[in-house]
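Please read the following report alongside the sequence and the coordinates.

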Amino acid sequence: MPLLRYRSGLATLVNPVIVAGAGRLAEPVQRLLAATDTVAATPATLNAPSTVKVQGAVFDATDVADVQQLDALYAFFHANARRLGPQSRVVVLGTAPEHCQAPPQSIAQRALEGLVRSLAKELRRAITVQLIYVAPGAEGALDSSLRFSCRAALHMSRGKWCAWRNRWTATSRSTGTRLSLVAARW
C-alpha cells in the first residue's frame with residue numbers, strides 16, 4: 001500500500017470523518033471540523049450499517065462515568081471499523097483520570113488507554129489510533145492536538161512502519177491546564 005505523503009493541494013485533514021459521542025468536547029470538535037474542508041459523515045450503528053468509506057473517526061468519551069458506559073465505544077467502533085479506509089485516523093477524546101470527580105469515572109477514563117491500544121492492534125492497515133486526555137478547562141487547547149492527530153500526511157521512521165506507544169503531555173501557558181496525548185500504532 002503506497003504511503004500518503006504531503007503534497008501541495010492535498011487536504012490537510014482526513015476527509016470524511018465520523019464524529020460520535022456526546023461529551024463536553026462534542027461542540028468544540030464540530031466547530032473545528034466545520035471550519036475546515038472536512039466533511040462529517042453519519043456514524044453507522046449495529047442496526048443500521050453503512051458501506052460509505054471514511055478516513056477518520058473521532059469519539060468524545062469525556063463524559064464516560066463508569067465502565068458500563070464503555071459499551072458505547074465498543075458498539076461505535078464495532079459498527080464503523082470496516083468503514084475506515086487504509087491510513088485512516090481514529091481519535092478518542094477523554095478526561096484526564098486525575099481530574100475525574102469519582103473513582104469509577106477515573107477507572108473508566110483510564111480504561112480508554114487499553115481500549116485505544118487494543119483498537120490499534122485490531123484495525124491494522126496503517127490506521128493510527130490516538131487517545132487525547134483533555135483536562136477540564138483545557139478545551140481551547142484541543143484545536144492544535146486534534147489537527148495534529150487528524151492530519152492526512154503520514155510519517156515513517158527510517159523508512160519502515162514501526163510499532164510505537166507514546167504519551168505526550170503539554171501544559172497550557174495561559175491557563176496552566178494539562179493536555180495529554182496517548183498514541184498507538186501497530
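## Salt bridges, strands and cores

Glu27, with a relative accessibility of 49%, counts as partly exposed, a class lying between buried (under 20% relative accessible area) and exposed (over 50%), computed with a 1.4 Å probe and protein chains only. The model is predicted, so that local features need pLDDT of at least 70 and side-chain atom pairs count only at pLDDT 80 or more, whereas totals for chains, interfaces and linings use all residues. Residues are numbered from 1 along each chain as its sequence is written, and side-chain values use heavy atoms, with hydrogens and water left out.

A search of the whole structure finds 3 salt bridges, each being a side-chain nitrogen of Lys or Arg within 4 Å of a carboxyl oxygen of Asp or Glu.

| Salt bridge | N to O distance |
|---|---|
| Arg24 and Glu139 | 2.6 Å |
| Arg31 and Glu27 | 2.9 Å |
| Glu113 and Arg117 | 2.8 Å |

In helix H3, Glu113 and Arg117 are separated by about one helical turn; Glu113 counts as buried at 16% relative accessibility, while Arg117 is partly exposed at 28%.

The protein has 4 helices and 7 strands, where helices (H or I, at least four residues) and strands (E, at least two) are DSSP runs numbered from the N terminus. Strand E3 (residues 54-60) is mostly covered, with 6 of its 7 residues buried. Strands pair if DSSP finds at least two bridges between them: E1 (residues 17-20) runs parallel to E3 and is joined to it by 4 bridges, and E3 pairs with E4 (residues 84-94) in the parallel sense over 6 bridges. From E3 the chain crosses through helix H2 (residues 71-80) to E4 in a right-handed β-α-β crossover, meaning that the path from the first strand over the helix to the second runs clockwise when the strands point away from the viewer.

A nonpolar core is a set of buried Ala, Val, Leu, Ile, Met, Phe, Trp, Tyr and Cys residues joined through side-chain atoms within 4.5 Å. The largest has 27 residues, of which Leu73, Phe77, Val90, Val92, Leu123 and Val129 touch the most other members. H3 gives the most to this core, with 6 residues. Apart from it lies another core of 16 residues, among them Val17, Val91, Ala135 and Cys150.
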